[in-house]
Amino acid sequence: MADGTELEGYLADLADLAESGRRHAEPLAAERIRARGERRLRRRRAALASGGAVLAVALAVGGVSLTRAAQGPEPTAVDPTPTASLFVPPTPAPGEEYASELGYVYGAALTGDTVRVTVEQVRAEGGNVAPVGVVHTLTLPRRTLVEARQLTEGSPADVELGELVDQLSGGPRWVFAIDYDSEGRVHSLREAYWLSG
């Protein structure tokens, strides 16, 4: 029976240990259990609500994008500007006062005190002219001097550009050397009578 006594002692020790554990451990109060459950429930509801809100915003943005795409392309914010002209005013060489451009001058239009002309650059080749593909417009004072010969019926004369608007209003016919100063301003036009047709 010695074995039975040891077993009973061992069981008694375990019972004491269990009793001391119960005394030191506080059972959770029903209010704390309920509060923990409510916190978990609130977190779950907040997660579902924020996920739903994100989904609603994504659907709205997608719908707006699809609606806009169906309406066609948006107009540009700024009207497109024409491509830049290839024209760069010539600059005088060192020691020179003016630099010249050779070109057809046509399409003259008088507006107040100015004359607007179109210039089509040309290259002289053995007494003939060949366009180089650069076309630009100039707006000049009507008093700009023009050295003319054929335009003035064969007699060389200095005339004002405003007096030649009628002759220059048509298409490309008259070739001029246009003189530019060092700041890119037109100083005068000289009729290239040896090249004009």
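Which backbone oxygen lies 3.1 Å from a polar atom of the side chain of Thr 152? It is that of Arg 149, in a predicted model where local features need pLDDT of at least 70, side-chain atom pairs count only at pLDDT 80 or more, and totals for chains, interfaces and linings use all residues. Residues are numbered from 1 along each chain as its sequence is written, and side-chain values use heavy atoms, with hydrogens and water left out.

The side chain of Thr 152 also reaches the backbone oxygen of Ser 155, at 2.5 Å. Thr 152 sits in the loop between β4 (145-148) and β5 (157-160). With a relative accessible area of 17%, Thr 152 is buried (buried means under 20% relative accessible area, exposed over 50%, and partly exposed in between, with a 1.4 Å probe and protein chains only).

A step back gives the overall layout. The protein chain holds three helices and seven strands (DSSP runs, with helices being H or I of at least four residues and strands E of at least two, numbered from the N terminus). The order from the N terminus on is α-α-β-β-β-β-β-α-β-β. Of the 197 residues in the protein chain, 24% are buried.

Next come the charged pairs. Five salt bridges are counted, each being a side-chain nitrogen of Lys or Arg within 4 Å of a carboxyl oxygen of Asp or Glu. In one of them, the side chains of Glu 160 and Arg 143 meet at 3.0 Å, N to O. This pair links distant parts of the chain, 17 residues apart: Glu 160 belongs to strand β5, while Arg 143 lies in the loop between β3 (128-141) and β4. Glu 160 is partly exposed at 25% relative accessible area, whereas Arg 143 is exposed at 60%.

Asp 179 and Arg 190 form another salt bridge through their side chains (2.9 Å, N to O). Here strand β6 (residues 174-180), which holds Asp 179, is linked to strand β7 (residues 186-191), which holds Arg 190, and the two residues are 11 apart. Asp 179 is buried, with a relative accessible area of 8%, and Arg 190 is partly exposed at 27%.

A further salt bridge brings together the side chains of Glu 183 and Arg 185 (3.0 Å, N to O). Salt bridges that share partners join Asp 181, Glu 183 and Arg 185 into one network. Glu 183 is exposed, at 60% relative accessible area, and Arg 185 is partly exposed, at 48%.

Lastly, Arg 36 is found in helix α2 (residues 30-71). Its relative accessibility of 38% makes Arg 36 partly exposed.

Notes. Polar contact = N/O pair within 3.5 Å; in protein donor to acceptor, adjacent residues only side chain to side chain.
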